[in-house]
Amino acid sequence: MSATVHEFSDGTALAEGLADRVSGALAEAVTSRGRASIAVSGGSTPKAFFKALSSRDIDWAKVTITLVDERFVRADNPRSNHLLVADNLLQGKAKAAQFLPLYRDAGSAEAAAEIVTADAAALGHPFDVVILGMGADGHTASFFPGGSRLAEAISPETPRGIITMEAEGAGEPRLTFTFASLQDARLLVLHIEGQGKKDVLAAAEGDGPETDMPIRAVLRRAATPVDIYWAP
Ligand SMILES: O=C1O[C@H](COP(=O)(O)O)[C@@H](O)[C@H](O)[C@H]1O
């Protein structure tokens with residue numbers, strides 16, 4: 001396991017520090033390759049970071065933002081990660097960015113996954129930046145313990161792209177990028193806050209199957225060393 005931990009005094013300081021790091025990585029990608037890509041997580045943690053990032057002065061028109069994972073719900077559903085990003089990140093200077101949604105009105109989550117896999121391939125790979133979160137159960141992206149396609153999602157044999165996932169703790173069916181799509185990002189961040197999640201991370205760093213705490217797949221096998229951003 002190879003990870004660097006960045007600790008901050010509070011969530012505001014973390015949001016600013018992470019926004020500096022991520023905007024630097026995106027600006028560098030635009031300079032080197034003419035475009036940049038970032039996949040972000042949903043949930044309750046990233047809101048302040050999204051707001052801080054949206055104010056950074058970079059060439060947002062050359063940046064594509066997508067989601068690490070999404071619920072199979074329309075973008076006007078309060079539980080939609082797309083809605084969270086629209087309200088908090090695709091604002092201010094970042095309004096000029098392109099957004100690649102995972103949800104599609106395609107009749108089924110499987111059909112949507114197929115369409116988005118094709119669309120995401122056009123972004124090229126690896127992602128310039130991936131921001132992961134982690135749930136109290138040790139899930140990351142939609143790699144849920146007990147998930148219907150967990151083994152497939154975290155297998156190094158499963159190609160890049162989007163697959164569907166259903167799990168007891170997940171609510172709606174999910175769409176998630178596979179482990180292969182996320183693990184070699186040029187900048188790979190795990191953003192967690194609170195003592196509870198620090199304790200979950202400590203447990204994940206211990207022995208045990210990846211299927212019990214799927215964040216272990218990232219901590220143990222990601223090609224890019226993980227930068228862990230934490231605040232109390
Ligand atoms: O279900 C999800 O939860 C995790 C963590 O969310 P949080 O509310 O505990 O911050 C998130 O990383 C993932 O993208 C989301 O779909």
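Visitor: How many bridges join β6 to β9, and in which sense do they run?
Guide: First, a caution: this is a predicted model. Now the general idea. Strands of a sheet pair through backbone hydrogen bonds, in a parallel or an antiparallel sense. Here, β6 and β9 run parallel and are joined by 4 bridges.

Visitor: Which strand pairs with β6 in the parallel sense over 2 bridges?
Guide: That is β2, residues 36-40. Look for I38, whose bridge partner in β6 is V129.

Visitor: In what order do the strands of the open sheet of 7 strands lie?
Guide: Read across the sheet: β1-β10-β9-β6-β2-β3-β5, with parallel pairing. The edge strands are β1 (3-7) and β5 (98-100), and each of them pairs on one side only. From one strand to the next, the twist averages 20°.

Visitor: What is the order of the strands in the open sheet of 3 strands?
Guide: The order is β4-β8-β7, and the pairing is antiparallel. Its edge strands, β4 (69-71) and β7, each pair on one side only. The twist averages 20° from one strand to the next. Between β4 and β8 there are 3 bridges, again antiparallel. R71 has R174 in β8 as its bridge partner.

Visitor: Which helix packs on that sheet?
Guide: Helix α4, residues 109-121. It touches β7 and β8, and its direction makes about 155° with that of β7.

Visitor: Why is helix α2 described as largely enclosed by the rest of the structure?
Guide: Count the buried residues. A residue is buried if 20 or more other C-beta atoms lie within 10 Å of its own. In α2 (residues 47-54), 6 of the 8 residues pass, so the helix is largely enclosed by the rest of the structure. The buried ones are A48, F49, F50, A52, L53 and S54. Their cover includes α1 (11-33), α3 (81-88) and β9 (187-193).

Visitor: Which residues does S23 touch, not counting residues up to four places away in sequence?
Guide: S23 touches L53, R56 and I58. S23 itself lies in helix α1. It is buried, with 24 other C-beta atoms within 10 Å. Its C-alpha atom is separated by 8.1 Å from that of D57, 34 residues apart along the chain.

Visitor: Does L150 count as buried or exposed?
Guide: Buried, because L150 has 20 C-beta neighbours inside 10 Å. L150 is found in helix α5 (residues 150-154). Leaving aside neighbours within four places in sequence, L150 is in contact with F143, F144, T211 and P214.

Visitor: And what does A167 count as, with 19 C-beta neighbours inside 10 Å?
Guide: With that count, A167 is partly exposed. A167 lies in the loop between β7 (162-165) and β8 (174-177). Its contacts, leaving aside neighbours within four places in sequence, are F144, G146, G147 and S148.

Visitor: What separates the C-alpha atoms of L150 and A167?
Guide: They are separated by 9.2 Å, with the residues 17 apart along the chain. For A167 and F99, 68 residues apart along the chain, the C-alpha separation is 27 Å.

Visitor: Which residues surround the ligand?
Guide: They are S41, G42, G43, S44, T45, V68, D69, N81, G133 and G135. Sort the shell by class next: 1 nonpolar, 8 polar and 1 charged.

Visitor: What does UniProt list for residues 10-221?
Guide: An unreviewed UniProt entry lists "domain: Glucosamine/galactosamine-6-phosphate isomerase" there. Over those residues, the chain is 37% helix and 17% strand. The end C-alpha atoms of that stretch are 29 Å apart.

Notes
Residues numbered from 1 in each chain as written. Predicted model: local features only at pLDDT ≥ 70, side-chain atom pairs only at ≥ 80, totals over all residues. Near = placed C-beta within 6 Å. Nonpolar A, V, L, I, M, F, W, Y, C, P; charged D, E, K, R; others polar. Buried ≥ 20, exposed ≤ 12 C-beta atoms within 10 Å, placed from the backbone. Contact = placed C-beta atoms within 7 Å. Pairing = 2+ DSSP bridges. Axes fitted to C-alpha atoms, helices over the stretch in contact; angles between N-to-C directions. UniProt positions renumbered as here; feature names shortened; annotations may be inferred.
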